[in-house]
Amino acid sequence: MSKKVLVVLSEWGYWGEELVGPLESLDAKGYETVFMTSKGKRAHALPPSMEPGYFDPPLKKVVTDEYYAQKTRAIDQSTRLDNPINLSTWFPERPYFNDANFGHALEAYYTERDAKWEELKQYDALLMVGGSGPLIDMVNNQRLHDVILGFVALDKLVVAECYAVTCLAFAREWTDRKSIIAGKHVTGHALEYDYKDGTGFLGTDLNMGPPPYPLEFILRDATQPGGQYHGGVGRTRSTILDFPFLTGRSTQDSHLVGELMVEVLENGLRRYGW
């Protein structure tokens, strides 16, 4: 039976290779991929990820080759990403604590969320694609956090790349607020590789400079007690599987992320990279 993967993209720009890399493995296996954005707007790739020869300042190396630039442009110009699921109309919003009728509203929220979690049973895995865009509409998106919690509750694979890994640190039950990656091994953007300038987004001229937070510090704290952050500094790739979580540090991990997704879904792989 074919597998089905829910893929989350930022409306503010995703990194092309971090979508193309996993998709190549998923497509080769005949998996169905369903795309979703925070408000149902069609996602587009960040321009540097379609620019052959793009030079990454922190890494001091070219990170966009002709192959992935071409593949990214082809997807970006196709209709494949049209009409994504609108997360804002699919999953409910948790009410504010001081809203009128908070008690009844909270009960209704949990009831609706439970029903949406039932709908997640049709999917075999969740893939959250990285880039700078997720900083805006994914990492602190309560509805997306609830999607993640649903996949975890169903014991299904949860995959995050680059800055989308932050979603795993922030996705917590409102009641106990405990980290879901406590005791787990994960990777993510290391401090050494963070941008000092040029963190940009689609649809705006904003240049944020450095990212608004050092992801390494967040992951180091969120994996405790008992877990570990792996930066892989100096290594070409840093890809960590500690089921149900599969994390990739950056662009170079993308193809391996896809291969490992297949290994998990086909052969039950539970650990890799540590």
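Visitor: How many residues of α6 are buried, and what does that say about the helix?

Guide: Buried means under 20% relative accessible area, exposed over 50%, and partly exposed in between (1.4 Å probe, protein chains only). In α6, 10 of the 12 residues are buried, so the helix is largely enclosed by the rest of the structure. Among the buried ones are Leu144, Val147, Ile148 and Phe151. Helices (H or I, at least four residues) and strands (E, at least two) are DSSP runs, numbered from the N terminus.

Visitor: What kind of model is this, and how are residues numbered?

Guide: This is a predicted model, in which local features need pLDDT of at least 70 and side-chain atom pairs count only at pLDDT 80 or more, while totals for chains, interfaces and linings use all residues. Residues are numbered from 1 along each chain as its sequence is written, and side-chain values use heavy atoms, with hydrogens and water left out.

Visitor: What span is expected of α6, and what does the helix reach?

Guide: The expected span of a helix is 1.5 Å times one less than its number of residues. From its first C-alpha to its last, α6 reaches 16 Å, close to the 16 Å expected. Helix α1 (residues 16–28) has 13 residues and should span 18 Å; its end C-alpha atoms are 18 Å apart, which agrees. α1 is mostly covered, with 10 of its 13 residues buried, including Leu19, Val20 and Leu23.

Visitor: What classes of residue line the two pockets?

Guide: Ala, Val, Leu, Ile, Met, Phe, Trp, Tyr, Cys and Pro count as nonpolar, Asp, Glu, Lys and Arg as charged, and the others, Gly among them, as polar. The lining of the second largest pocket has 2 nonpolar, 4 polar and 5 charged residues. The largest pocket holds about 410 Å³ of space, and its lining has 14 nonpolar, 9 polar and 3 charged residues. Of its 26 lining residues, Trp15, Asp56, Gly131, Ser132 and Tyr195 lie nearest its centre.

Visitor: How many aromatic pairs are there?

Guide: Rings of Phe, Tyr and Trp (its six-membered ring) pair if their centres lie within 6.5 Å; planes under 30 degrees apart count as stacked, over 60 as edge-to-face and the rest as tilted. The count comes to 8 aromatic pairs. The rings of Trp90 and Phe91 have centres 5.0 Å apart and planes at 90°, so this pair is edge-to-face. Phe97 and Phe102 form a tilted pair, 5.2 Å centre to centre with 55° between the planes. Phe97 is exposed at 57% relative accessibility, whereas Phe102 is buried at 15%. Ring pairs link Phe97, Phe102 and Trp174 into a cluster.

Visitor: Where does a charge sit over a ring?

Guide: The rule asks that NZ of Lys or CZ of Arg be within 6 Å of the ring centre and within 35 degrees of the ring normal. The charged end of Lys4 sits over the ring of Tyr123, 5.0 Å from its centre. Arg271 lies over the face of Trp274, at 3.6 Å from the ring centre.

Visitor: Which backbone angles call for a second look?

Guide: Most residues other than glycine have a negative phi, and most peptide bonds are trans. Asp155, not a glycine, has a positive phi of about 60°; Asp155 lies in the loop between α6 and β7 (157–161). Phi of Arg177 is also positive, near 60°. A cis peptide bond joins Gln224 and Pro225, with omega about 0°. Another cis bond joins Phe243 and Pro244, with omega about 10°.

Note on methods
On a 1 Å grid over the protein atoms alone, a cavity is a set of points where a 1.4 Å probe fits but cannot get out, and a pocket is an open set with protein on both sides within 12 Å along at least five of seven lines; lining residues have an atom within 4 Å of a point. Grid points are joined across faces, edges and corners, and a volume is the space filled by probe spheres set on the points.
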